[in-house]
Structure formats: structure tokens, C-alpha cells
Amino acid sequence: MGTLVAKPTIDALPEKVLCMIFDRLGRANVKNASLTCRRWHDIIFCSDYINRFQLCISFDWSWNDAARSREVMQKLNDSVKHTKRCYRKMCLVATDTTTPVEDMQAIWRIIHPNVTNNLISLALDFTCFCSIPAMRVLSDWVKLMPKLQSLSVSNYHEGVDNYMYTISSTTVKHMEIAGSYIFGFDMPQLESFSGPMCILGQLDESAKLKRVVLYSGPNESKDRSILHPLAHVETLTMFFSVEDWLLAAICDTCTELKHLYVAYRTGPLIRSTTLKRFSKLVNLRELVIRSISMQDMLPSDFDLGLSNLTKLELLDLGSDALEAPTLTRLPKSIRSLTVRINARNETKVIESITNTLPQLQKLRLMYPEQPRVQVAKRSMQSLQHLKRLEVLVFEDAKFGESLHLEIEAPLQNMRELLFVNCELDRNRLRGFRPIFPNLEELQFSSHLQLDYFTNQFKRVGNEEQYLY
């Protein structure tokens, strides 16, 4: 009787051979291959193979270090020659002040055009002073990359922004700037930008910007013209304190906005007339301003004019601006709402919400940290009228008796219930299942993530993002 001989499978291939196979796949298929099994996933994302998705060149040798120069050239030459992969990303790191321009030109001859003609993303990282000749060379390189779509410039050295060269590209659609900027920019096809607001002054008024993230505000000058390149922007996120004049200018200029996010507390003395300018942003889908410092106490009958925003789905004004009279004039389109609660307005605010926005799906109730305000029984009774509510968040609230006992009708759609920094005896939650029969998640947390209701604040830090 003959013996059965098992046929070899692809699992028998050594890692080196698998890497050669992966090199012949497009980036989308490499990502699909990583889902095949744990071994392939670890080879692609957890081994040195991940480095193949980005070609990184470090200018870290001085003018008199010929040995290091030869070493880098040889290693780069081998990397480019011995792989079938078409590099899509390249990072150039300047860590020495005196790398000869001649060496930079030699590197260019190695990578051009085989590498540069396929690049879609370029990162320039300056951890040390960049000489004027080197800046000129780098700015010339960008012009010769026909498929480049994304450009990132990081400068961590002070005192070099007096030597300006302009980087020009007719293909770049996304640009990101970190630190002091050392180049001028001519990017007529730019669609998204991330960096300091002062860069906007270099862009043409006819810019095609749609998505903008700003990490610092304008200089001392209150020149509204800096916003002209944002006339057609649809998503604007700001990670700095926005002053009254700038908030007003945004409402007047950026009338095509669909998403507006201010992650920090506004500057002091925001006027009520400025808040009313939100009514001009008739295309808004999401409006988030984490905290507002008002110049004066708002009158009890103050109207934000948000009823004009008939496309608004998410609203978070982070202040007492959303008092009960205002809540009766919110558009019916709102699906996600964040309001601040205090002992004086709790009952009126929650009743206004349940009477005006029965279609609400996500609700965040923010109570004062000190002194603690106990959630009123009447408030819990009102929440049962929000039949479509899926997510309910209590923040900094205090609970006395079992919070669910006052709810008579079950909330069938509720799937997430969160208690953030709340004063609550968890034993009192026993028996809540009949009230929330379809609850999937019950959470107790000390803080709520900034991006819980919207993903616009998320930062990419995942190694798998190399696969563009």
C-alpha cells in the first residue's frame, strides 16, 4: 500500500519568498493579503517589510564624511534596484547642516525617474538647519514629481524662515505644515491643508480648498483677507482659541461650510451678535464649538437663528447659549445634540429637547463639575419621549435613586448608555434591562473622547496607514 505524500502549500514558503510575491502586488491587494492569515499580517505590518512602503532618505552626514556618503548611496542604490515595488511615499530627513549639495544631486540621479515618477506622497523633515542651496535643490525636486498629491513639511529648527524658496506643484492636492515654515508655496490644485493659519496668506483667492485643519491662529493683525482662500472650504477644524472677530469673519466668508469644529475654548468676549452670524452658514451639517466665553449674559429670549440651518445634523455649542427658548427654534434635522445643564435650567432644557426634537438619536447632557447637580426625576421622565434615541451620555451628573425607575416606557432603540465622571452607585442600575432592552454598551468613564460623536478630530497614528 503506497504512502500518501502531502503536497506543499503556500504556507511552506519562506518569508523572503512571500515578500517577493507581495512586492508584485498593488497596495490595495497587499492590504487584502494581510487579512489572509496571522502570518501574512505579521510579515506585512510587523516586520521590516513595512519599511518598503516608504522610501526614507536621511541627509545625516557632513561635507567631510565621505565614508558615510558612500554608505548611504550604496544602500539607496540597492533598495531601488532590488525590488519590483513602485514606491508611493518618500521621506527626506535633514539632520545635518552641511550635507553637500553634490551628494543630494547624486541621490536624485539614483531615484529619478524610476522612483520619483511614481511618488504620490513626499515628507520633508528638518530636524536641523537647512542650508539655502539645499532648500533650492529640494524645491526644484518637487516640480519634477508628476504624480505627487501629498506634501508634508516639518521644521523643528528655529531661525530659518528668513530664507524663502517657493515650492511649486500643479498636482499636489494635500499639504501639511508643522513648525516654522521655510518655504513659500504655489499649489493651484490644493484641496486640503493642515498647519498654521498664517500660511493661508500665501494661497490665491481662487484656491480650491475644501478641507482645512488649523493648529494656530493668525498673527496679531486682524486682517480678514487671510480667510479669502477659504471661501469654498467645506470642512474647517481649529485647534486654537478663536477670537470674536475671527469667528465673525468665518461666518461671513466661509458660507459653503458643511462642518465647523472649534476644539478649544473661544477667546474672551464673544458677542451675541457674532453668534447670530451662524445663521448665514445654511449648508452646515455639523457645528461644534467646545466652549464659548460670552461678553454679556444672554437675554432669556435670545435666538441664535439656527432654525435657518435646515441641513444641520450635529450641534454642540459647549455653553449655556442653548437655553430653553433657543432649543425651541432648532431645526428638525438635528440628530445629535450636546447641551450644558445647570440647576436653574435642567428641567426646561430637557423638556424643550423632548418636545422639539423627537427625532434625536444622540444626546449628551453636560452638568457642572462643581457644585454637583442631581439629575431630576422629571428629567428622566421626559427622556422617555425620545423614542429614536440610540446614545445617551450623562457627564459630571449626580444620581440619587435608581435612575431608570422614573422611565415608564422602554427605550427600544437605546444601544449605548454612558456615565462620564458621574457620581453614581452602580448597584442602583440593577433591573435596568426592561427599560433598555436592546442596550449593547454600558460605560463608566472619567472623560469622553473628543471624537465620540464626530470623527473629525481623529489623528492618524496607525502604522497600517503607510499603505496609501
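Here is a chat about a predicted model, its confidence and a few of its packed elements.

Colleague: Before we dig in, what does the pLDDT average over the chain?

Modeller: This is a predicted model, and the chain averages a pLDDT of 82, with 87% of the residues scoring at least 70.

Colleague: And where is confidence highest and lowest?

Modeller: Strand S10 (residues 235-238) is highest at 95, and helix H9 (residues 324-327) is lowest at a mean of 69.

Colleague: Which residues stay under 50?

Modeller: Residues 458-468 do, and the model has 20 contacts beyond four places in sequence for that stretch. Where pLDDT is low, the predicted coordinates should not be read in detail.

Colleague: OK, on to Leu18. Which helix is it in?

Modeller: Leu18 sits in helix H1, which covers residues 15-23.

Colleague: Is Leu18 buried or exposed?

Modeller: Leu18 counts as buried because its relative accessible area is 1%, and the cut-off for buried is under 20%.

Colleague: What does Leu18 touch, leaving aside neighbours within four places in sequence?

Modeller: Its contacts are Ile10, Leu13, Arg39, Trp40 and Ile43. Take Ile43: it is 25 residues from Leu18 along the chain, and their C-alpha atoms are separated by 8.6 Å.

Colleague: How do H1 and H3 pack?

Modeller: H3 is residues 38-46, and the two helices pack at about 75 degrees with their axes 11 Å apart. That angle makes H1 roughly perpendicular to H3.

Colleague: Which residues make that contact?

Modeller: From H1 you have Glu15, Leu18, Cys19 and Phe22, and from H3 Arg39, Trp40, Ile43 and Ile44. They split into 6 nonpolar, no polar and 2 charged.

Colleague: Switching to strands: why call S8 largely enclosed by the rest of the structure?

Modeller: Because 5 of the 5 residues of S8 (residues 192-196) are buried.

Colleague: Which strands are joined to S8 by bridges?

Modeller: One is S6 (residues 174-179), parallel to S8 and joined by 3 bridges. Another is S9 (residues 211-216), also parallel to S8, with 5 bridges.

Colleague: Which residues stand opposite each other there?

Modeller: Met175 is opposite Phe193 of S8, while Ser194 has Val213 in S9 as its bridge partner.

Technical notes
Residues numbered from 1 in each chain as written. Predicted model: local features only at pLDDT ≥ 70, side-chain atom pairs only at ≥ 80, totals over all residues. Heavy atoms only, no water. Helix = DSSP H or I, 4+ residues; strand = E, 2+ residues; numbered from the N terminus. Buried < 20%, exposed > 50% of the residue type's maximum accessible area, 1.4 Å probe, protein only. Contact = heavy atoms within 4.5 Å. pLDDT = per-residue confidence, 0-100. Pairing = 2+ DSSP bridges. Axes fitted to C-alpha atoms, helices over the stretch in contact; angles between N-to-C directions. Parallel < 35°, antiparallel > 145°, perpendicular 65-115°, else oblique. Nonpolar A, V, L, I, M, F, W, Y, C, P; charged D, E, K, R; others polar.
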